[in-house]
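User: I'd like to go over the aromatic rings in this one. Can you walk me through them?
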Amino acid sequence: MSMKEGFVEVTGGKVWYQIHDIGAKNTPVIVLHGGPGSSHFSLQGLRILAEDRPVIFYDQLGCGKSDRPTDTSLWTIDRFVEELEQLKNALGLEEFHILGHSWGTTLAAAYYLAKPAGVKSILFSSPCLSAPQWAADQEENRKKLPKDVQETLKIHEKNGTTDSEEYKEATEIFNKHFVCRLDPYPEFLKEGRKYKNPEIYNIMWGPSEFHVTGNLKDFDCTSQLKDFNIPTLYTCGRYDEATPNSTEYFSSLTPGSKFHVFEQSAHMPYLEEQEEYVRVVRSFLKSVD
């Protein structure tokens, strides 16, 4: 397998990209990582998809191996849409699939609605297509946590002390239920933390997965899902914070879309059920090609 990497100039700085390719002629897939402010790090196992087609990873501006500018006005969804368009043009892509995970699905939807040309299909992996719906779902998920954890979260959110160690520890308990259920937690994921940019996450999303206060808090494209006239696949884990009910609802709004639940996973089925995740994704992409 050949691997090429480099940097592309975008609004605000340079973003790092990596292409895995064995010469297969099928349509390339661009992987949009979660966050905002995370990186491609946890998703790198998806390079196995390069057996069928070129796989393109990139770290969005501000995180991973990309530049980290200090201009906070850059952290808006419109600029991230512009960034993806600039990457597409720099790589000379005429047609491509998009695989977005978590916040990557928010970006994928916003990109398609603004610049649909060339997008052959979209995979919405653990989607966040309505921030208000996401927030409501997490309220329900929080009720499944131990009472003392619920109380700790409420107190710190009320007092504005969400940067406290106690709040972070309570958040970790939420994460073990609804983000990644692997036990022990994969060591290599701990290494990936250094690639994150918490400032972007806080500006755009908030202090935690379930306390949405950032500039994405009103994002909601559910009324436009009927306008997605390309093949789409919606997936989530059975215990996902992107709940099966909401994910299936989004799928029901999208003409001809497909829906799949990974029964042993939370929010990271690409790690929690690696083989099954790759099988489902590969099957969908081949059906489109």
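Analyst: Here is a short talk through the ring pairs and the charges over rings. Note that this is a predicted model.

User: OK, how many aromatic pairs are there?
Analyst: The count comes to 15 aromatic pairs. One of them is stacked: tryptophan 75 with phenylalanine 80, at 6.1 Å centre to centre and 25° between the planes.

User: Are those two buried or exposed?
Analyst: Tryptophan 75 is buried, as its relative accessible area is 0%. Phenylalanine 80 also counts as buried, at 1% relative accessibility.

User: And what about phenylalanine 262 and tyrosine 277, how is that pair arranged?
Analyst: Their ring centres are 5.4 Å apart and the planes meet at 35°, so the pair is tilted. Stacked would need planes under 30 degrees apart, and edge-to-face over 60.

User: Which parts of the chain does that pair tie together?
Analyst: Phenylalanine 262 is in strand E8 (residues 258-262), while tyrosine 277 is in helix H10 (residues 274-288), so the pair links parts 15 residues apart in sequence. Phenylalanine 262 is buried at 1% relative accessibility, and tyrosine 277 is buried with a relative accessible area of 1%.

User: Which residues form an aromatic cluster?
Analyst: Tyr112, Phe124, Phe228 and Tyr234 form one.

User: Switching topic: which charged residue sits over the ring of phenylalanine 80?
Analyst: That is arginine 79, whose charged end is 4.4 Å from the ring centre.

User: And what lies over the face of tyrosine 239?
Analyst: Arginine 181 does, at 3.9 Å from the centre of the ring.

Key. Residues numbered from 1 in each chain as written. Predicted model: local features only at pLDDT ≥ 70, side-chain atom pairs only at ≥ 80, totals over all residues. Heavy atoms only, no water. Phe/Tyr/Trp six-rings, centres within 6.5 Å; stacked < 30°, edge-to-face > 60°. Buried < 20%, exposed > 50% of the residue type's maximum accessible area, 1.4 Å probe, protein only. Helix = DSSP H or I, 4+ residues; strand = E, 2+ residues; numbered from the N terminus. Lys NZ or Arg CZ within 6 Å of the ring centre and 35° of its normal.
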